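Please take a moment to look over the sequence and the structure shown here before reading on. The report is meant to be read slowly, with the structure open beside the text.

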Amino acid sequence: MSRSINWRGFVHAWSVHIDFPLFRITMLLMAGGLLTVFSATWSGQERMPSQLLNMAAAVCLMFVVARIPPQRLMQLAWPMYLFGLVLLILVMLFGIKVNGAKRWLSLGFTRIQPSEIMKIAMPLAMAWYFHHFENRRWFSKYFGALMILLVPSALIAKQPDLGTAILVFSAGFYVIFLAGLSWWVIGGLTGAAVAVAPFAWNFLHDYQQKRILTLIDPTSDSLGSGYHIIQSTIAIGSGGVIGKGYMSGTQAQLEFIPEKHTDFIFAVFAEEWGMIGNVILVILYGFLIERGLRISLRASTTFNRLLAGSITMGFFTYAFVNMGMVSGILPVVGVPLPFISYGGTALVTLCTGLGILMSIETHRTNR
Amino acid sequence: MAHFEDRDASQKFQGRLSTASVIMLIAFFILVLRFFWLGVVQNSYYTTRAEDNRLTLVPVVPNRGLIFDRNGVLMATNTSAYTLEIVPGRVGPIDQTIEELSKVVTIEGKDKRRFKQLLREAKTFESIPIRSRLAEEEVARFAAQRYRFPGVEVRARLFRSYPLGETASHALGYMGRINTKDLERIDEEGQAANYRGTDHIGKAGLEQRYEFEMHGVSGFESVEVDAGGRGIRVLSRTPPVSGNNLNLTIDAKLQQVAETAFGKRRGALVAIDPENGEILALVSMPTYDPNLFVDGIRSDDWDVLNTDINKPLLNRAIYGAYPPGSTFKPFMALGALATGKRTPQQAISDPGYFNLGNHTFRDDKKGGHGMVNMYTSIVHSCDTYYYTLANDWGINGIADFMGQMGFGSKTGIDIDGESRGILPSEAWKQRRFKRPEQQKWYAGETISIGIGQGYNSYTMMQLAQATAILANNGVGYKPHLVRSISDVRSGGVREIPLEKTHEVALKPEHIEVIKNAMIGVNKEGTGTKAFAGAKYVAAGKTGTAQVFSLNGGNYSHGGTKEFLRDHALFIAFAPADKPKIALAVIVENAGFGATSAAPITRQVFDYYLQGIVPKGPAPDEPGEPVPELRDMANYVDHQDDDYDAQKVLNTPTPGPFVRMPASTQALPVRKKP
């Protein structure tokens with residue numbers, strides 16, 4: 001007669017697929033993110049409540065993904081990749097142009113950004129590929145991998161969206177690297193890349209060239225794209241060792257930092273918490289990556305370990321590229337600071353990645 | 001499913017993972033190094049940069065010093081007025097904003113034009129006035145609609161204002177917006193920092209000369225601003241120090257009496273206290289209202305002032321140089337005594353003319369004055385007496401003595417724009433002209449110098465100064481308008497020290513002769529009518545200065561005929577035994593010396609010595625000379641100038657405010673009306 005739900009069973013059924021070390025680190029990062037988003041936006045359009053909703057939704061999605069067994073994920077890999085590829089082609093043909101970039105596809109009621117799907121689909125497909133073609137001759141094996149890697153990356157770079165293209169490309173490349181691509185090839189490709197760089201330069205859009213140029217000398221365009229870097233380095237530099245205190249960063253509060261709640265949120269954080277805060281943040285990302293790599297190392301199948309390794313290194317890419325550009329050692333590309341920057345899309349992608357990691361970890365034992 | 005049984009593959013994967021870990025560690029380490037570089041090594045640099053971003057020093061303009069007359073009457077002050085101001089960086093399309101604003105407050109075309117001009121010179125975050133002096137009602141109307149106009153504000157600003165309006169405007173000068181030339185002056189004075197917030201500066205007169213006394217020291221507010229330049233809050237404030245007040249030598253009431261006495265006539269008057277060189281009144285008529293200039297004169301107002309045929313902006317008292325006419329004679333006589341060229345009793349027989357070679361210099365009185373001694377030569381203004389005197393004395397002797405009396409050199413009055421005038425001499429002519437035949441001094445040219453004509457050309461300032469030196473028995477002080485400067489904060493008063501500039505070696509008995517003769521002028525001579533019934537003894541001398549056609553270009557309007565009439569002059573001091581006031585006055589194109597200039601002097605003296613306020617302008621409007629006065633003038637003083645002599649010598653008399661061109665050939669030719 002007791003129709004009450006078995007709460008303990010329910011919680012157990014879900015919690016069994018949560019990797020708590022990963023979850024704790026993520027929660028710490030998200031808490032820091034919420035605080036910083038509040039500090040960056042309280043005086044204007046308040047973003048913290050909606051970011052809280054984004055986070056809740058993303059975490060729920062993470063729980064759901066964590067319950068999907070890796071075998072199922074493997075089955076989803078190609079459909080997802082092809083689906084993403086088709087959408088990317090549709091974007092190229094029918095996409096909506098916003099600020100000179102064709103990144104969105106209109107569905108009538110909403111807009112989607114297919115390149116985001118590729119951030120997950122790319123490592124899935126690539127891991128699937130190496131899982132199944134492990135023993136092919138290396139040339140045909142790597143040629144196929146190159147195609148899988150380059151076609152979507154090129155489509156995204158063409159939109160243009162250099163930040164996402166880098167993330168998608170690197171996710172695929174990490175799989176190839178972890179799958180054991182010969183160092184000679186890596187060396188050769190690096191050499192080739194350096195050789196073609198001057199030609200590739202011409203393929204970059206003006207604004208992309210400008211960003212690289214302003215990295216070399218931010219003052220050359222101190223009111224244009226150099227302004228971002230100048231103001232964010234001032235924020236980091238003036239934060240000193242212990243920072244100016246929460247919500248007391250003058251650079252942030254007086255609006256000197258552009259895009260301060262999205263891509264440049266690290267400048268807000270660094271100004272308030274200083275060198276100590278920055279190091280703690282880097283250490284937190286370090287723990288996140290360490291946990292991810294451990295999951296990858298323990299994984300039981302080629303697919304699982306390649307996928308886990310790639311996703312983990314993807315987190316690194318996010319964090320490094322973002323902090324690197326904000327502190328002025330990398331060009332400005334549109335990469336958010338993972339779990340901290342405001343924005344639902346990035347959170348969804350990141351949490352999907354986390355969910356996959358948890359799935360791989362938690363399905364290992366009860367396989 | 002291909003499970004990882006292969007140990008090699010597993011080890012290889014582990015190897016790759018460790019490589020990746022090392023690379024990632026190194027990358028993060030680089031990041032941390034970067035943070036260390038920025039936040040620790042370069043911390044002070046970036047802290048400064050952040051502070052520079054955040055803090056703006058906003059200058060606080062000090063209150064400009066006030067100007068008082070000698071009796072404490074306020075002549076220039078600062079009043080607060082509402083201005084409507086736009087910050088261009090914070091409003092949308094400016095034309096549209098102005099269009100909308102003009103529905104709320106009156107904005108005229110000239111306001112828009114001035115705004116556009118200021119806009120071109122200003123930075124986008126500066127607040128630029130579009131309308132000044134809003135009425136209370138307009139302020140209220142705008143306040144009600146303010147929400148519609150972000151970036152538009154009503155501000156209370158301090159404006160210079162001159163409570164007495166047109167009174168003494170040539171002495172006070174006026175204010176205007178700082179231009180490039182002013183900036184150079186500010187830089188030269190090392191005042192650039194102090195003027196950061198100041199946008200008005202003295203452009204003329206005392207406002208200009210005592211600019212740095214009256215400006216004060218700017219204060220500063222340290223204001224926190226955001227990236228858009230908006231002030232968030234004031235962090236600290238250094239208050240400004242008000243400028244120093246000027247206490248003038250001018251008697252505002254006397255000044256008003258003198259200006260009123262002129263009526264609608266053009267001219268100039270300088271009244272000096274002979275005992276110390278204090279200028280009691282400095283009149284240039286017509287005058288103008290310096291209030292018009294305060295916040296950038298509107299172009300139409302400017303046009304009126306600038307194209308007015310009467311040239312109200314011209315300071316005739318110190319810049320206009322005129323031939324002194326017969327007012328020169330007392331100084332000639334004094335010099336003759338001092339140098340022993342004449343004794344008081346020495347008399348000549350005046351046949352009504354004087355011959356030099358085959359040129360005849362005529363006296364104004366047909367048939368002559370008969371036997372003329374020094375006294376009668378002054379009282380009746382006998383020309384022949386001075387023709388012979390000039391001829392006997394010689395040009396260089398005259399120039400030497402007149403130079404001692406201050407003629408031909410700047411008096412050093414404490415406002416800018418003084419002209420030197422012309423004290424003719426052989427040396428002067430050499431300097432003045434280029435070609436040898438022009439440089440030579442002809443004996444004939446000396447003759448008309450004796451009656452104040454010829455090359456003679458002096459300002460009323462000089463003439464008044466010379467009169468004051470005479471009145472004070474040969475001792476002259478530097479004429480000045482500022483008596484003392486008071487520091488508002490400390491309450492201290494700094495007196496401007498007297499500066500003795502002239503000490504002419506004169507014998508008391510010689511001075512006595514001249515003074516007596518000048519008293520005679522007002523008792524039995526050309527000034528009798530004007531000084532009839534005076535309760536004090538005034539010494540004076542009338543004069544008439546011929547207007548030559550130099551200024552044809554400027555005066556070629558319908559009024560040409562009027563503008564070619566002679567100028568009337570008068571010099572005087574009183575009381576004659578112990579002079580308190582000495583003056584020189586000219587009424588342009590008034591015709592005859594005694595008729596216009598002397599009555600003005602009478603009113604000035606009556607007020608200064610007895611406190612009598614006249615009921616209206618002094619009698620004799622130009623163009624309508626009182627008949628009996630004209631007759632009298634005709635009799636005694638008409639045609640001081642010898643037209644024939646002028647023609648023969650072909651030496652045009654320099655007219656007012658036209659500097660002599662380098663060569664007579666370049667002189668503008670008089671246009672036939």
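## Chain A as a whole

Chain A of this predicted model has 14 helices and three strands. Of the 367 residues in chain A, buried residues make up 50%. If we take the contacts in chain A whose separation is 6 or more, residues 24 or more positions apart account for 70% of them.

I156(A) has its place in helix α6 of chain A, which covers residues 138-158. Is I156(A) buried or exposed? I156(A) counts as buried because it has 29 C-beta neighbours inside 10 Å, and the cut-off for a buried residue is 20 or more.

Leaving aside residues up to four places away in sequence, I156(A) touches L88(A), S115(A), M118(A), D161(A), T164(A), A165(A) and V168(A). There is also a pair that shows how sequence and space can be set side by side: I156(A) and I89(A) are 67 residues apart in sequence, while their C-alpha atoms are 9.6 Å apart in space.

## Helices α5 and α7 of chain A

Helix α5 of chain A (residues 114-132) and helix α7 of chain A (residues 162-178) pack at an angle of about 15°, and their axes are 9 Å apart. Angles under 35 degrees count as roughly parallel, and α5(A) and α7(A) are therefore roughly parallel to each other.

In this packing, α5(A) passes α7(A) in a right-handed crossing. Sorted by class, the residues of the contact of α5(A) with α7(A) are 11 nonpolar, three polar and one charged.

## Helices α12 and α13 of chain A

How do α12(A) and α13(A) run, roughly parallel or roughly antiparallel? Helix α12 of chain A (residues 265-298) and helix α13 of chain A (residues 302-326) pack at an angle of about 165°, with 9 Å between their axes. Because angles over 145 degrees count as roughly antiparallel, α12(A) is roughly antiparallel to α13(A).

Here α12(A) passes α13(A) in a left-handed crossing. Residues of α12(A) that make the contact include F266(A), Y285(A), L288(A) and I295(A), and those of α13(A) include R305(A), F315(A), F316(A) and V326(A). By class, the contact of α12(A) with α13(A) has 14 nonpolar, five polar and one charged residues.

## Where the two chains meet

The contact between the chains takes 40 residues from chain A and 35 residues from chain B. Two helices of chain B, α1 (7-41) and α2 (43-54), each supply at least two residues of the side that touches chain A. Which helix gives the most to the side of chain B that touches chain A? That helix is α1(B), with 18 residues. By class, the side of chain B that touches chain A has 20 nonpolar, nine polar and six charged residues.

## Strands of chain B

In chain B, an open sheet of three strands has the order β1-β8-β9, with antiparallel pairing. Its edge strands are β1 (55-60) and β9 (231-238), each of which pairs on one side only, and the twist from one strand to the next averages 30°. β1(B) pairs with strand β8 of chain B (residues 219-225) in the antiparallel sense over six bridges, and the bridge partner of L57(B) in β8(B) is S222(B).

Strand β3 of chain B (residues 74-86) runs antiparallel to strand β2 of chain B (residues 67-68), and two bridges join them, with A76(B) in β3(B) as the bridge partner of I67(B). The hairpin of β2(B) and β3(B) has five residues between the strands, and in this hairpin G72(B) takes a positive phi near 85°. β3(B) also pairs in the antiparallel sense with strand β5 of chain B (residues 152-161) over 10 bridges, and with strand β4 of chain B (residues 128-131) over three bridges. I86(B) stands opposite V152(B) in β5(B), and the bridge partner of I86(B) in β4(B) is I128(B).

Note on methods
Residues are numbered from 1 along each chain as its sequence is written. Chains are lettered from A and ligands numbered from 1 in the order in which they are written. This is a predicted model: local features need pLDDT of at least 70, side-chain atom pairs count only at pLDDT 80 or more; totals for chains, interfaces and linings use all residues. Axes are lines fitted to C-alpha atoms, for helices over the stretch in contact, and angles run from 0 to 180 degrees between N-to-C directions. Helices (H or I, at least four residues) and strands (E, at least two) are DSSP runs, numbered from the N terminus. Angles under 35 degrees count as roughly parallel, over 145 as roughly antiparallel, 65 to 115 as roughly perpendicular and the rest as oblique. A crossing is left-handed if the near helix is turned anticlockwise from the far one by less than a right angle, and right-handed if clockwise. Two residues are in contact if their C-beta atoms, placed from the backbone, lie within 7 Å. Ala, Val, Leu, Ile, Met, Phe, Trp, Tyr, Cys and Pro count as nonpolar, Asp, Glu, Lys and Arg as charged, and the others, Gly among them, as polar. Two strands pair if DSSP finds at least two bridges between them. A residue is buried if 20 or more other C-beta atoms lie within 10 Å of its own, exposed if 12 or fewer, and partly exposed in between; C-beta atoms are placed from the backbone.
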